[in-house]
Amino acid sequence: MAKVLVVYYSSYGHVETMAKAVAEGARSGGADVDIKRVLELVPEDVAKNSGYKVDQDAPIAQVQDLVDYDAVIFGTPTRFGNMASQMKNFLDQAGALWMEGSLIGKVGGVFTSTGSQHGGQESTILSFHTVLLHLGFVIAGLPYSFKGQMAMDEITGGTPYGASTLAAGDGSRQPSENELAGARFQGEHIAKLAVKLSK
């Protein structure tokens, strides 16, 4: 059985919700799945005063954890069209793994959340892919066989580069069923690829 890690950073809980859907999909794809989160860098009082969701169930990931999995699916909110600094800080600790080639050939994928429809979902995922390519990952997105990303009857996230959701500027919007279905689809898709490659 292939092993899949879903590792995410979430300020307000949107990416956390998507991570659980991704993990659900990966399990249905035949993988053994763990969910972990990256360390919060914002001071605790600032996080609380800003309304961050400070209580999250997932254990804190260590960069060395990446070695133990056949696939890693990363979740990050968008910050000005790029991944959140918390996630970048985590990945910047992977220099030794890069030098050792420890991550070459693993399947990697990315999902995200933005405050608006045009808040940089695609640029965030695509710029994240650059890091994964440097580390040697084989990248998988959200194929158009997931028909939900063709929806025109609702405002929805979803890109061929990876699943996504819209949080609204004040964080009030939660992931829609279509967005969660995309997350599950991406998780299942990557798990199935990991199962094939692990053979």
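Serine 11 touches Tyr52, Lys53 and Arg79, leaving aside residues up to four places away in sequence; contact here means heavy atoms within 4.5 Å. This is a predicted model, in which local features need pLDDT of at least 70 and side-chain atom pairs count only at pLDDT 80 or more, while totals for chains, interfaces and linings use all residues. Residues are numbered from 1 along each chain as its sequence is written, and side-chain values use heavy atoms, with hydrogens and water left out.

Back to serine 11. Its place is the loop between strand 1 and helix 1. Helices (H or I, at least four residues) and strands (E, at least two) are DSSP runs, numbered from the N terminus. At 3% relative accessibility, serine 11 counts as buried. The cut-offs are under 20% relative accessible area for buried, over 50% for exposed and partly exposed in between, with a 1.4 Å probe and protein chains only. The side chains of serine 11 and tyrosine 9 are joined by a polar contact of 2.9 Å. For that term, a pair of N or O atoms lies within 3.5 Å; within protein, one must be able to donate a hydrogen and the other to accept it, and residues adjacent in sequence count only if both atoms are side-chain atoms.

Tyrosine 12 is also in the loop between strand 1 and helix 1. Tyrosine 12 is partly exposed, at 43% relative accessible area. Its contacts, again without residues up to four places away in sequence, are Ser50, Gly51, Tyr52 and Lys53.

Now the annotation. UniProt, in an unreviewed entry, places the feature "binding site" at Ser10, Ser11, Tyr12, Gly13, His14, Val15, Thr78, Arg79, Phe80 and His134. They span 125 residues in sequence and the farthest two C-alpha atoms are 29.4 Å apart, so they do not all gather at one spot. From this set, the lining of the largest pocket takes in Ser10, Ser11, Tyr12, Gly13, His14, Val15, Thr78, Arg79 and Phe80. A pocket, on a 1 Å grid over the protein atoms alone, is an open set of points where a 1.4 Å probe fits, with protein on both sides within 12 Å along at least five of seven lines; lining residues have an atom within 4 Å of a point. UniProt annotations may be inferred rather than shown by experiment.

Next, charge pairs. How many salt bridges does a search of the whole structure find? The count is eight, taking a side-chain nitrogen of Lys or Arg within 4 Å of a carboxyl oxygen of Asp or Glu. One of them joins glutamate 16 and lysine 53, with the closest N and O atoms 2.5 Å apart. Glutamate 16 lies in helix 1 and lysine 53 in the loop between helix 2 (44–49) and strand 3, so the pair ties together parts that are 37 residues apart in sequence. Glutamate 16 is buried at 3% relative accessibility, and lysine 53 is partly exposed at 36%. Glu16, Lys20 and Lys53 are linked in a network of salt bridges.

Lysine 36 pairs with aspartate 65 in a salt bridge, at 3.1 Å between the closest N and O atoms. Lysine 36 is in strand 2 and aspartate 65 in the loop between helix 2 and strand 3, so this pair ties together parts 29 residues apart in sequence. Lysine 36 and aspartate 65 are both buried.
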